[in-house]
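Reader: Could you take me through one part of this structure up close? I'm new to this, so please spell out the terms as you go.

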Amino acid sequence: MKKDIILAGVGGQGILSIATTIGMAALDAGLFLKQSEIHGMSQRGGDVSSNLRIADRDIASDLIPFGKADIIISVEPMESLRYLPYLSKEGWIVTNTKPFINIPNYPQLDEVMKEVNAYENHIAIDADEIAKELGSPKSANMVILGAAAPFLGIEYSALQQAIKKIFGKKGDEVIQTNLDALQRGYDFAMANKK
Amino acid sequence: MSQKLMLLGDEAIGRAAIDAGISGIYAYPGTPSTEITEYVMSSPEAKAGKVRAGWSANEKTAMESALGMSYAGKRSMVCMKHVGMNVAADAFINSAITGVNGGMIIVAADDPSMHSSQNEQDSRVYGKFALLPVLEPTNQQEAYNMVHYGFDLSEKLRLPVLMRITTRIAHSRAGVERKEMRQQNELQLPKDKMQFILLPAVARRQYKTLLAKQTELEKEASQAGFNQYTEGKDKKLGVITTGIAYNYLIENYPDRNIPYSVLKIGQYPIPESMLRKIYDTCDELLVLEDGYPVVEEMLKGSLNLGKPIHGRLDGSVPRDGELNPNLVAVALGMEDTRGKEIPAVVAGRPPALCKGCPHIFSFTALNEAVAQWGKGRVFSDIGCYTLSALDPLHAIDTTVDMGASITMAKGAADAGLFPSIAVIGDSTFTHSGITGLIDCVREKSPVTIIILDNETTGMTGGQDSAATGRIEQICEGAGVEKDHIFIVNPSPKYNDENRDIIKKELEYKGVSVIIPRRECIQTALRGIKERKKQEQNK
Ligand SMILES: Cc1ncc(C[n+]2csc(CCOP(=O)(O)OP(=O)(O)O)c2C)c(N)n1
Ligand code: SF4
């Protein structure tokens, strides 16, 4: 088993919370893990990404090679396209549809979505809307994680366990909201993947 | 098996330093090295052991403090980004001549591809320059192990040890298994009372000792296990890797069956016998190293009269930038697996000053004040405020090295440029701006110095800044006239007032200092969050 995951977003969007959850689930499943992060300059509203590699044997490179990523998980639609050179032919794009516009030349959203849709293996989900419906805008990243769950090669229940552990200190209500967010994303992906 | 910790390369080094019994860690922040010291600063074990952990004014003061701790017999670590080595170089090179008493490790974090740096200098060159052993880990576990070994080596050879890492290992997380914790050393003065007195007569003797130790350093490097030779079936090619380049090599062989002979290097000076072995048995060589072609040049010599040697110098691998698995694949003659290109609609998203950042308002006022004089008069420095060079502010004309704003403004003023303005951050000012200010005061140079006091070291994530609340006193103490020191509030409300103060001071034919003071938005927010947490815990 080997899953190479690229997490994408904009500085401040908290992509590492997704990485942490997947990472914990993978570790509990006894898998090997490497995760490279971006620190420093690029945190100030610039594009950020993280390489997460999971395998049932030792992992060599901290960086995912071009054309070898199994999945791009993006919390922002334009950012999901920035890492296409890394995606394998059979790989999946799982992206939020809600744009984060902090530059004057942000392209037309429909142009962006046209590119995403042109890629057969994709899940495009309005995670912000779903999170708002759940009464917790902060849980959008867990919705996206849920939408990516069918492609991770990790048991769904392991992700649930990881959420319970990570949000443990914040009380049952927060745990439940995040579990619900995960479920909504998962259901969406199962209904929309071909 | 004990539970593995998931640690960044930086954190693995911090963890190992605590476990190996350091008594102090000294550093000035700098990406990608900052998290080493932060890890030790937040460790309850380090606190319980009374390990001195915190920031120094700059890399030189950090290096010297670490050497002082070593003088007193205890183990110390000093950490910095690669360019910090330039600042600390005087202390570093001379520490090779004094040698150490307690074990001492210097960690230099290089940044090939310049993810957040001005250059991609290779710290291994400093190791060779100082004639000191260098360790270069392949992965996080090895980084952890090397710190333990490094302190042993340092105390055995009585020399400082340099550890060189790069961004990819510093900021990548992987499982790390800990070793047993070691006691700190007792306070003990050096046995040789002359060891640390580098008078020429002593230095000449100690330099000879250092030279004589080189054979021993090579012997260590061939025995410690960080340099490994594996013979391959196919003698057409031999591959030499240093540090993480090894990972990129084996990434290209999923079954880990590499047909070629491989020399994996993690410790310097590289034993000549190991190089000779792979050179003699293979037809051609490929050298894979992140940074400068250090090993490649060593093999080639200046005339390159021997076998074909491929690497950064002959273009088999690009001359600049960090390596990755694909570049290595291509160098090995494999196909590039690069997927689809980035669609044209994707726009760049450069980093920018945070919304509401105080720097924005300092620069708006400055831009208005200098408008009548035209561009090309603002010498700046390194920090968040460097982003003011870009859209929409276009406020500064230079950024070279920490502290260069004040001194370059002085030089330009000496040349007759008027007005000549320096813009420097508060942490950069204490790092290496103060000495330049003294130069200006001494000659009453006509410069206007703006010290952006956001009460933190913003660029590297908000570490405390050495002179928060005392900058005006420092300037006064350095001799700036009281009437020409101003503290202003960088916010839209005071824009016109601030602009007018700057304008007026530009006309003054001496040193003026203007200090826009307002806390960085990010540290302010963090402060609010932390206070809330404390309230809740009450
Ligand atoms: C010699 C050296 N050490 C460290 C760094 C990393 N670095 C760049 S800017 C900076 C601090 C900037 O702080 P400050 O001057 O207060 O400006 P701010 O970012 O807060 O605006 C640091 C530590 C560097 N570039 N060079
Ligand atoms: S981190 Fe602080 S100093 Fe840096 S841009 Fe943001 S608000 Fe400004």
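Author: Around ligand 2 you'll find A:Arg44, along with B:Leu353, B:Cys354, B:Cys357, B:His359, B:Cys384, B:Asn454, B:Gly458, B:Cys520, B:Ile521 and B:Gln522; a residue counts as near a molecule if its C-beta atom, placed from the backbone, lies within 6 Å of it. The site is shared between chains, because residues from chains A and B surround ligand 2. Sorted by class, that shell has six nonpolar residues, four polar and one charged. Here Ala, Val, Leu, Ile, Met, Phe, Trp, Tyr, Cys and Pro count as nonpolar, Asp, Glu, Lys and Arg as charged, and the others, Gly among them, as polar.

A quick word on the model: it is predicted, so local features need pLDDT of at least 70 and side-chain atom pairs count only at pLDDT 80 or more, while totals for chains, interfaces and linings use all residues. Residues are numbered from 1 along each chain as its sequence is written, and chains are lettered from A and ligands numbered from 1 in the order in which they are written.

Now for the contact between the chains: 40 residues come from chain A and 36 residues from chain B, with two residues in contact if their C-beta atoms, placed from the backbone, lie within 7 Å. On the side of chain A that touches chain B, β2(A) gives the most, with four residues. By class, that side of chain A has 18 nonpolar, 13 polar and nine charged residues.

Note on methods: Helix = DSSP H or I, 4+ residues; strand = E, 2+ residues; numbered from the N terminus.
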